[in-house]
Amino acid sequence: MTEESEPQAEPVPRSVLVTGGNRGIGRAIAEAFVARGDQVAVTTRNGGAPDGTLDVRCDITDAEQVEAAFAQVEEAHGPVEVLVANAGITHDTLLLRMSEDDWSSVIETNLTGSYRLAKRAAKGMLRLRRGRIVFVSSVVGLLGSAGQVNYAASKAGLVGMARSIARELGSRSITANVVAPGFVETDMTGVLTDEQKAAIKAQVPLQRYATTDEVAAAVTWLAGDGAAYVTGAVIPVDGGLGMGH
Ligand SMILES: NC(=O)c1ccc[n+]([C@@H]2O[C@H](COP(=O)([O-])OP(=O)(O)OC[C@H]3O[C@@H](n4cnc5c(N)ncnc54)[C@H](OP(=O)(O)O)[C@@H]3O)[C@@H](O)[C@H]2O)c1
């Protein structure tokens, strides 16, 4: 048999878990993994996961729900080999107006929720002796943002968390990386006024928002063979907005 006629190896389907995949960035990420042939589970509070995925209800602020979600995913697809901690919220207001609840709800969802997911996913990955963890952070975690003290702190925290996990679990071929999107057209940014959107675009070297697919492309790359030697990295998908940080 000549080299040309060798059958192409089919990509092995992996058990992928994407949080917050019923809309926005998470939905595009889940769809990209489905297109690659992976077995994809999507967790949200409200359901509505994309076609071809396992629709799992899970509020990531509730440890018991996270445990139940992993049990459901493992039963259907086996241990999670790729975790994408994407679910996140904002409660924007200026520092002096920020309530305890504005602070703690954002930290609890974006940072503690991601910690909970990574910790639970790591158990299975350690047994597999491989795994990819991708945290969806934000350019705001690196640049700061007036009115987003809670959100920026939660997103900056993901960087320290990913880098610590990268050091703890690297010897088991488990990588932990961060994708830091700039501004992406989703429900989250839909609340901004036209003036705010125009002001943001004016600061972006590429002069536009990212598409959700552009963020998904970075995530699937970090989860793929080509990124096997990449860990503890922060990959910006921000049109140049945060460069230098
Ligand atoms: N849009 C941007 O410009 C932008 C820029 C940088 C970073 N990001 C980050 O990218 C991620 C996705 O953003 P997006 O714009 O796609 O947001 P989005 O459209 O508002 O979607 C947020 C997702 O998170 C889920 N979610 C929220 N709280 C949850 C909870 N407690 N438990 C489980 N799921 C929860 C939501 O599902 P349910 O409501 O059904 O639970 C939804 O699927 C977030 O981490 C965000 O911070 C976004």
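In which loop does arginine 129 lie? Arginine 129 sits in the loop between helix 3 and strand 5, where helices (H or I, at least four residues) and strands (E, at least two) are DSSP runs numbered from the N terminus. Although arginine 129 is not a glycine, its phi is positive, at about 60°. Glutamine 207, likewise not a glycine, has a positive phi near 60° and is placed in the loop between helix 7 (194-203) and helix 8 (212-223).

The model is predicted: local features need pLDDT of at least 70, side-chain atom pairs count only at pLDDT 80 or more, and totals for chains, interfaces and linings use all residues. Residues are numbered from 1 along each chain as its sequence is written, and side-chain values use heavy atoms, with hydrogens and water left out.

**Serine 137**

Serine 137 lies in the loop between strand 5 and helix 4 (140-143). Serine 137 counts as buried because its relative accessibility is 5%; buried means under 20% relative accessible area, exposed over 50%, and partly exposed in between, with a 1.4 Å probe and protein chains only. Its side chain reaches the backbone oxygen of lysine 155 at 2.9 Å. Leaving out residues up to four places away in sequence, serine 137 touches Lys155, Leu158, Val178, Val179, Ala180 and Pro181 (contact is heavy atoms within 4.5 Å).

**Nonpolar cores**

A nonpolar core is a set of buried Ala, Val, Leu, Ile, Met, Phe, Trp, Tyr and Cys residues joined through side-chain atoms within 4.5 Å. The largest one has 30 residues, of which Leu17, Phe70, Leu83, Leu117, Ile133, Phe135 and Ile165 touch the most other members. Elements that each supply at least two residues to this core include helix 2 (63-77), helix 3 (100-128) and strand 6 (174-181). Helix 5 gives the largest share, 7 residues. Beyond its neighbours within four places in sequence, isoleucine 165 is in contact with Ala118, Ile133, Phe135, Gly170 and Ala176. Apart from this core lies another, of 27 residues, including Val18, Phe33, Val42 and Val230.

**Ligand site**

Among the 31 residues around the ligand, Asn22, Arg45, Asn86, Tyr151 and Thr186 come nearest (a residue counts if one of its heavy atoms lies within 4 Å).

| Residue | Protein atom | Distance |
|---|---|---|
| Glycine 20 | polar backbone atom | 3.2 Å |
| Arginine 23 | polar side-chain atom | 2.8 Å |
| Tyrosine 151 | side-chain N or O atom | 2.5 Å |

The protein covers 97% of the 880 Å² of accessible area that the ligand has on its own (Shrake-Rupley method, 1.4 Å probe).

Notes:
A polar contact is a pair of N or O atoms within 3.5 Å; within protein, one must be able to donate a hydrogen and the other to accept it, and residues adjacent in sequence count only if both atoms are side-chain atoms.
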